[in-house]
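Subject: Structure handover

Hello,

Here is the structure for your files. My notes on it follow below.

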Amino acid sequence: MRQLCKGNVAIVKGAILAGCRSYYGYPITPASEIAEAAALLMPQVGGTFLQAESEVAAINMVYGAAAAGARVMTASSGPGLSLMQEGISYCAGAELPCVIVDIMRGGPGLGNIAPEQSDYFSMVKGGGHGCYRNLVLAPASVQEMADLTVLAFELADRYRNPTILLADGFVGQMMEPLDLEYREIPIPERPWAVKGTPETRKNVVNSIFLEPDDLEAHIRKLEAKYIRASQIECRSETFHTEDAEVLLVGYGIASRVLHSAVERARRDGLRAGFFRPITLWPFPKQALLDAAQNVSRILVVELSNGQMVEDVRLTIEGRIPVDFYGRTGGNAPSVEEVYSQVMQHLMAMA
């Protein structure tokens, strides 16, 4: 069924298709429509919506529901996600699958309610305490808001780990056509869950290991699944990279601007290409290396003062110059700005 839908609402529809029946959260701009849609739609499919008294309460409710074996999610924006960080670390330590949505706004502090991409470090690098990773997906359209939400639940269950849907406020607030098709999505058994049944009465969900050797063994177990995920879960998109001299790299709304800038450059006979990471963790390093194999320069564009650019530079290892262009405060780079940057780089290489 095709419909006109807002990105934030598409997330909830994708979650329901994925079998999620539990939502706990607290509204915050620019993510409030997620809670509103969940409050409307979850009860219609026999699910639960509960507006918590705070983001701290919400993430702990997520912990409890996940421990009981539910497919569960929450959503917020930067300030709210900061409050959830301890709970996210607990979920990772207890190996509890859940989906957490971050619709990014300006910061630090309260910042403003306009779109940014300034939560990359806090979500991709962990944010909370301890040795753990979040799996992080970055949608760039309303369709992907739904599709990647479904994928997020699959990955959360596959690795028993929090999975983050990281989108800037532009993608959350925009309206675009959305195609939804109902299909049976199998939900794996959770023999480890605490359900109060005879089969699960001895189960314990826990993230505390008082003996150093026990904690080290647990961390090595987590590490092994993160290595496995980094080998098989990387996802990305390329456009005109086969003969590119300049490679543009971005995610979310920035990637759509870059795509248009490359199209314009190609019409003008300029050899520009485009690379978009869909998984921010695991970062698609090999795909980026393949896309950059013949380029002379890389330009990373973000709605921040430079966060993902660090992962691009670490991947390239100094083999190619990596430059950065960013806008902050809720401003987005225009196609003309990016095109001008491409021209400057091409002239510098001439």
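Strand S9 (residues 236–239) and S11 run antiparallel and are joined by four bridges. Strands here are DSSP E runs of at least two residues, helices are H or I runs of at least four, and both are numbered from the N terminus; two strands pair if DSSP finds at least two bridges between them. Opposite Phe275 in S11 stands Thr238.

The model is a predicted one, in which local features need pLDDT of at least 70 and side-chain atom pairs pLDDT 80 or more, while totals for chains, interfaces and linings use all residues. Residues are numbered from 1 along each chain as its sequence is written, and side-chain values use heavy atoms, without hydrogens and water.

S11 also pairs with strand S10 (residues 246–249), in the parallel sense and over four bridges. Leu248 has Phe274 as its bridge partner in S11. From S10 the chain reaches S11 through helix H9 (residues 252–267), a right-handed β-α-β crossover (with the strands pointing away from the viewer, the path from the first strand over the helix to the second runs clockwise).

S11 covers residues 272–277, and because six of its six residues are buried, the strand is largely enclosed by the rest of the structure. Buried means under 20% relative accessible area, exposed over 50% and partly exposed in between, with a 1.4 Å probe and protein chains only. Ala272, Phe274 and Arg276 point one way from S11, and Gly273, Phe275 and Pro277 point the other way.

Elsewhere, Ser82 lies in helix H4 (residues 78–93) and is exposed, at 53% relative accessibility.

Regards
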